[in-house]
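Student: Could you walk me through this structure with a few questions and answers? I am new to it.

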Amino acid sequence: MSRRRWFAAAAAATVTTVLTGVALTPDAHAANPIITNIYTADPAPLVVGNTLYIYAGRDEAAAGNNNFVMREWRVLSSTDAATWTDNGVRANIGTFGWAGADAWAGEVEPRNGRYYWYTSINGNGPGWMDIGVAVGDSPLGPFTDAKGGPLISDSTANSSGLNIDPTVFVDDDGQAYIYWGGYWGARAARLKPNMIELDGPVVTPAGLTNYWEAPWMFKRNGLYYMMYAANDTSGCVTSSSYACQRYATATNPMGPWTHRGIVLGQVSSTTNHAGIVQFNGQWYIVYHNANAPGGGNFRRSVAVDRLSFNADGTIQQVVQTTTGPPPNPGGGNPTTPPPTNPGQPPAGTNLAPSATRSTSYVSTWESLAAINNGGVPANSQDRSNLAYGNWPQQGTQWIEYQWPSARTVNRTAAYWFDDNQGIDLPASCQVQYWNGSAYVNVPNQSGCPVAGNAYNVTTFSSVSTTRLRLSITSKTGLSTGVLEWMAFQA
């Protein structure tokens with residue numbers, strides 16, 4: 001799952017070297033759209049070290065021009081998902097000597113220390129759109145044509161009616177896959193280890209309900225997710241001229257897929273193209289809309305918002321904002337030693353010490369008492385005030401507070417335990433409350449961060465309840481733990 005994984009500190013050092021002497025556009029403060037001095041579209045995120053990159057095409061159509069004018073791709077970057085730098089043009093039509101026009105959607109996938117940029121481009125020959133591949137030695141390039149011709153074209157057996165919007169995914173076993181296609185024509189194939197040749201036949205994925213274009217593939221907790229643009233009016237959009245982002249899941253990267261719902265509703269532009277990534281413990285969706293000054297259907301701009309999962313792995317529909325996400329600098333590169341001064345607990349009236357605690361499972365050598373005994377951890381490896389852990393259990397476990405009468409709560413803070421062995425930081429979490437008959441997700445949750453060496457604060461609309469639960473999902477093959485879980489009075 002290399003698009004989602006952290007890369008070595010050496011990669012980050014390489015990026016620093018490449019940036020030296022490059023004139024960058026000044027940082028843009030947190031807001032949506034994230035860049036407004038130019039129009040950007042079809043974003044694809046990638047995390048390398050402590051940096052989140054977005055690869056995007058540039059809309060250059062003049063006001064009133066009702067057609068796409070796209071000749072280059074740019075790279076945006078951030079170290080906190082809120083303040084962004086435009087690193088300029090990193091590839092364009094001229095990168096591909098065989099291309100004629102149309103620098104449409106692309107995505108970068110790392111492999112073996114190199115970065116492969118898969119693009120949608122007009123081959124200026126038989127047919128219309130092709131998929132090409134450029135390659136570079138850093139996330140910012142320089143990028144050169146990796147193949148000297150299209151990877152996929154109309155001459156490819158069983159290709160899509162419109163060969164656009166490639167998404168590439170490298171699984172944990174090293175097998176790479178590519179998915180693409182427009183005009184309701186989703187396609188998939190394996191890639192050879194060299195990343196520039198198909199490895200076997202092109203297949204038509206089954207189960208992608210109402211697929212239109214713009215697939216995005218990722219993996220979480222052993223489950224494969226496929227997000228894609230749909231333009232049906234069955235709860236998706238008000239007019240088929242627009243699109244939403246639906247998603248499906250599968251237990252095999254080639255499917256069959258099971259439709260799960262809508263990730264992102266209709267946006268202000270007719271096209272809707274998005275990507276999902278985890279960065280500094282928080283999941284994000286990047287997409288485009290027409291909200292920048294002077295924007296429109298052919299003058300689009302990239303936006304970023306937080307994305308959350310339910311305890312069962314389903315995705316909560318994204319709330320589109322004009323403010324963008326708050327800064328999330330995280331803990332830096334995971335190879336960095338944990339800080340020795342992580343700060344004091346968040347301020348407020350903590351209701352946890354007065355609650356009766358319970359859990360789905362606790363290891364015999366750990367202690368459930370740790371979660372509300374008032375300890376102040378020095379870091380995520382601190383055992384001095386006891387530690388709760390659920391090794392060897394995997395998947396989703398929970399801890400819970402119960403009060404004799406209703407309490408009004410609107411914020412929690414979790415300090416995760418990581419023993420550098422079988423217990424690790426979670427993959428995700430979800431705060432839930434008892435509504436009198438069942439546990440349900442708290443309303444308007446801000447996200448459930450999973451960073452180490454810190455109090456991970458989750459806010460939500462106030463709830464009055466006698467029980468509060470923290471549902472915790474582990475990374476594959478690992479268990480989870482908690483040093484302290486605070487619940488604050490509204």
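Student: How many bridges pair β15 and strand β16?

Tutor: Keep in mind that this is a predicted model. Strand β16 covers residues 258–264, and β15 pairs with β16 in the antiparallel sense. One place to look is Q245, which stands opposite L264 in β16. The number of bridges between β15 and β16 is five.

Student: Which residue is the bridge partner of A230 in β15?

Tutor: Start with strand β14, residues 223–230, which runs antiparallel to β15 and is joined to β15 by seven bridges. A230 has its bridge partner in β15. That partner is C244.

Student: Which strands stand at the edges of the open sheet of four strands?

Tutor: Good one to trace by eye! The sheet has the order β6-β7-β8-β9, with antiparallel pairing. Each edge strand has a single partner strand, so one side of each is left without a neighbour in the sheet. The edge strands are β6 (101–111) and β9 (144–145).

Student: Which residue in β8 does N122 stand opposite?

Tutor: Strand β7 spans residues 114–122 and strand β8 spans residues 129–136. The two pair in the antiparallel sense over eight bridges. In β8, the residue opposite N122 is M129.

Student: What is the radius of gyration of the chain?

Tutor: Let's step back to the whole chain, which has one helix and 26 strands. For 490 residues the globule rule gives 23 Å, and the value for the chain is close to that, so the chain is as compact as a globular protein of that length. The radius of gyration is 23 Å.

Student: What percentage of the residues of the chain count as buried?

Tutor: Here a residue is buried when its relative accessible area is under 20%. The chain exposes about 18100 Å², with carbon and sulfur atoms supplying 49% of it. Of the 490 residues, the buried share is 59%.

Student: How far apart are the mean positions of the positive and negative charges?

Tutor: The chain has 27 positive and 31 negative charges. Taking the mean position of each group, the separation is 4 Å.

Note on methods:
Residues are numbered from 1 along each chain as its sequence is written. This is a predicted model: local features need pLDDT of at least 70, side-chain atom pairs count only at pLDDT 80 or more; totals for chains, interfaces and linings use all residues. Side-chain values use heavy atoms; hydrogens and water are left out. The radius of gyration is taken over C-alpha atoms; the globule rule is 2.2 Å times the number of residues to the power 0.38. Buried means under 20% relative accessible area, exposed over 50%, partly exposed in between (1.4 Å probe, protein chains only). Accessible areas come from the Shrake-Rupley method with a 1.4 Å probe; for residues, only the protein chains shown count as cover. Lys and Arg count as positive and Asp and Glu as negative; His and the chain ends are not counted. The place of a charge is taken as NZ of Lys, CZ of Arg, CG of Asp or CD of Glu. Two strands pair if DSSP finds at least two bridges between them.
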